Number of protein chains: 2
Amino acid sequence: MTSPVGATDRTSVRRFPEKAVKDRSEVNAILDAGLVAHVSCVVDGQPFVMPVGYARDGDRVLFHGSTASRLFKNLAAGQACCFTVTLLDGMVLARSAFESSMHYRCVIALGSCVVLEGDEKEAALIRITDHLLPGRTDEARKAAPKESKATLMLALNLDEVSCKVSEGDPDDVPSDLTDPIYSNIWAGYVPMKEVFGEPVADPMTTEKNIPTPDYIKKWKR
Amino acid sequence: MTSPVGATDRTSVRRFPEKAVKDRSEVNAILDAGLVAHVSCVVDGQPFVMPVGYARDGDRVLFHGSTASRLFKNLAAGQACCFTVTLLDGMVLARSAFESSMHYRCVIALGSCVVLEGDEKEAALIRITDHLLPGRTDEARKAAPKESKATLMLALNLDEVSCKVSEGDPDDVPSDLTDPIYSNIWAGYVPMKEVFGEPVADPMTTEKNIPTPDYIKKWKR
């Protein structure tokens, strides 16, 4: 690790270095705010990128998949992995198309995964459920041995990390700000966020008239 | 191409094949609903995954980056690329942790990118702006020659594509549905969507009292 955030030559932010985040607590906050990561692994020279649910656990991230998945088998074998979490926060409208962009928070971690087994695996399963479905662990049935066996649980240490945050007003070309046409168009940003809708009960839940639990009603993004 | 959607041995859906989408119009609809793709390329055996804004243009996707970016240089050189778009639609609460999951729509395209130049590049720049910031093209300043030169515009043909959609009620283990405890917990899903907030004008726009254009007010997700 060459910096608090874990930047190395491979993960130093070269484009827009002013957007680079050096603070590990900010990296952690981004990872804790996300639900889905995009994970890549190389198979026969071809990279594959798949979405996975995940959770942060201290200085590592946890994610799982099927023991039957090609990508997960390769990751379990310790092949090079890239784990990327992107939160899209808004659309930025500059006076020029070139300077128009997005607000985002992005964490990229590189490394090799390790496979978790036994108690560590059980704890990781609960950790992921707690992150993705807070409150659910107390109620839902925990993984049966057969189910746990069919699940490959991977951990990636946050040793080599890049983090970039783009926020604030558009960064216009100075000449556009004095141009008689372009200085008179609307510029700014339109925030975006993910929101939860009303919970939808399945037919058996509806039939039995089971009320929506409070822990679900409290979910916010 | 071995199927209407462009599935090959590398992109056939092996996990949950019942979720595989075979219809190209559905693939197109997912790509048209997304704003950000996660693109991967391999550098020295290490995959890198980066978020990019993009647009679909017929049977290909367009995205751009800086001519100074390592990843984009590698993609421009025709190295193997994976382009993934994931739309997260909800959290699925089954009676067991194992069957709990997410609603999502995901398109994965493999191939090598080509670099667009000249008129094709200019048209692609406009196409991307039209997709990400609908209505903005008429107002914003178009790319100056210097700006266009600093932009690497890539196209990836949708020849080798995988598409998976997860929706509907939880798919519980039958024994949980008759279990005295687990059959009595709430099960279903909580829909999610991305929404736009109120547009935020930058200081000059506010000072000049420039009203928010209708085309921005109309943005919906």
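This briefing describes how two chains meet in a predicted model and looks at a few of their residues. The model is predicted, so that local features need pLDDT of at least 70 and side-chain atom pairs count only at pLDDT 80 or more, while totals for chains, interfaces and linings use all residues. Residues are numbered from 1 along each chain as its sequence is written, and chains are lettered from A and ligands numbered from 1 in the order in which they are written.

**Confidence**
- Chain A averages a pLDDT of 93, with 94% of the residues scoring at least 70, where pLDDT is the predictor's confidence in each residue, from 0 to 100.
- For the complex, the predictor gives an ipTM of 0.93 and a pTM of 0.93.

**The contact between the chains**
- Chain B and chain A each bring 78 residues to the contact, two residues being in contact if their C-beta atoms, placed from the backbone, lie within 7 Å.
- Among the elements of chain B that give two or more residues to the side touching chain A are β1 (36-43), β4 (80-93) and α3 (118-132); helices (H or I, at least four residues) and strands (E, at least two) are DSSP runs, numbered from the N terminus.
- β9(B) gives the most to that side of chain B, with nine residues.
- Strand β10 (residues 200-201) of chain A runs antiparallel to β9(B) and is joined to it by two bridges, and within this arrangement A:Val200 stands opposite B:Tyr189.

- The same surface serves both copies, since 100% of the contact residues of chain B recur in chain A.

**Around B:Arg60**
- Not counting residues up to four places away in sequence, B:Arg60 touches B:Ala155, B:Leu156, B:Asn157 and B:Leu158.
- B:Leu158 is 98 residues from B:Arg60 along the chain, yet their C-alpha atoms are separated by 5.1 Å.

Technical notes. Pairing = 2+ DSSP bridges.
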